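Let's walk through this model together, from its strands to its cores and then to its charged pairs. Keep the viewer open as you read.

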Amino acid sequence: MAGKVFFSVTMSLDGFMAPEAVPVESVFTPEGPHDPGARRWLAKWSELQAWLFPQRWFRENLGLGEGGEEGVDNDIARGTYERTGASVMGRRMFDAGELAWPENAPFHTPVYVVTHTRREPWERPGGTTFHFVDEGIESALLLAREAAGDRDVRIAGGAETIQQYLDAGLIDEFSITLAPVLFGTGIRLFDHVDPDRLSLDQARSDASSRVTHLTYTAAKRRPAATA
């Protein structure tokens, strides 16, 4: 179990990784969202992720056809996928993805869903199998590490799940793709994270004409010495 535990997300310039929450079933409908709030959510989320959609790797992974952009953004998106041997996500992210992902889900590895409800594994074409873990974040991570072998484990999201792993000191590294958009309101990446428990160092930065990719190492902060 030599791999790292990491997360990689896109964040708005004012610190949000998603618009304000709306019922997922109102956004991901066969005909597209009808509710004005759901349409606003989808428009803002699409603006946040706009850097990814034209990338060659993204198009290949979702079977959208040949072609696409190449460069630093494409290399980082592909590298994130290639280093991942298993993923962990929260139940809310899974519920949204179950409605939105194609039949051939884009992970192609085991995915461990942190949940309070037992469910049999859900196998999809292309190598993705969702396993449902009702024994907490550490149990889910242990299973993911075993499945990943010497590759890395990605904490896929959403924000609350990432925050739990950060607060528990279980994240080794994370990357933020900083997009030039402003949300004003929404779901903040670092809400509810205790800053006194984390020590961060910037590992690298990569910029394209669209976004800036920032990578940090994370470690538990040692308690301050007492007199």
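A crossover is called right-handed if, with the strands pointing away from the viewer, the path from the first strand over the helix to the second runs clockwise. Helices (H or I, at least four residues) and strands (E, at least two) are DSSP runs, numbered from the N terminus. With that in hand, look at strand S3, helix H5 (residues 91-100) and strand S4: together they make a right-handed β-α-β unit. Before going further, please note that this is a predicted model, in which local features need pLDDT of at least 70 and side-chain atom pairs count only at pLDDT 80 or more, while totals for chains, interfaces and linings use all residues. Residues are numbered from 1 along each chain as its sequence is written, and side-chain values use heavy atoms, with hydrogens and water left out.

Let's stay with S3 for a moment. Two strands pair if DSSP finds at least two bridges between them. S3 runs parallel to strand S4 (residues 110-114), with four bridges joining the two, and Met89 stands opposite Val113 in S4. S3 is also joined by five bridges to strand S7 (residues 152-157), again in parallel, and here Ala86 stands opposite Val153. How many residues of S3 (residues 84-90) are buried? Seven of its seven residues are, where buried means under 20% relative accessible area, exposed means over 50%, and partly exposed lies in between (1.4 Å probe, protein chains only).

That brings us to the interior. In soluble globular proteins, nonpolar side chains tend to be buried together. A nonpolar core here is a set of buried Ala, Val, Leu, Ile, Met, Phe, Trp, Tyr and Cys residues joined through side-chain atoms within 4.5 Å. The largest one has 30 residues, and Phe7, Val88, Ile155, Ile162, Tyr165, Ile171 and Leu189 touch the most other members. Among the elements that give two or more residues to this core are S3, S4, S7 and helix H6 (137-148). H6 gives the most, with five residues. To see the packing from one position, pick Ile155: leaving aside neighbours within four places in sequence, its contacts (heavy atoms within 4.5 Å) include Phe7, Val88, Ile162, Tyr165 and Ile171. A second, separate core of eleven residues includes Phe16, Trp51, Ala179 and Val181.

Now for the charged groups. Side chains of opposite charge can pair when their charged atoms come close. A salt bridge is a side-chain nitrogen of Lys or Arg within 4 Å of a carboxyl oxygen of Asp or Glu, and the whole structure holds twelve of them. Glu60 takes part in a salt bridge with Arg56, their closest N and O atoms being 3.2 Å apart. These two are separated by about one helical turn, because they sit four residues apart in helix H3 (residues 56-61). Glu60 also forms a salt bridge with Arg78, with closest N and O atoms 3.1 Å apart. Since Arg78 lies in helix H4 (residues 72-83) and Glu60 in helix H3, this pair ties together parts that are 18 residues apart in sequence. Glu60 is partly exposed at 39% relative accessibility, and Arg78 is partly exposed at 26%.

Another salt bridge joins Asp134 to Arg118, with closest N and O atoms 3.2 Å apart. Asp134 lies in the loop between strand S6 (129-133) and H6, and Arg118 in the loop between S4 and strand S5 (122-123), so the pair ties together parts that are 16 residues apart in sequence.
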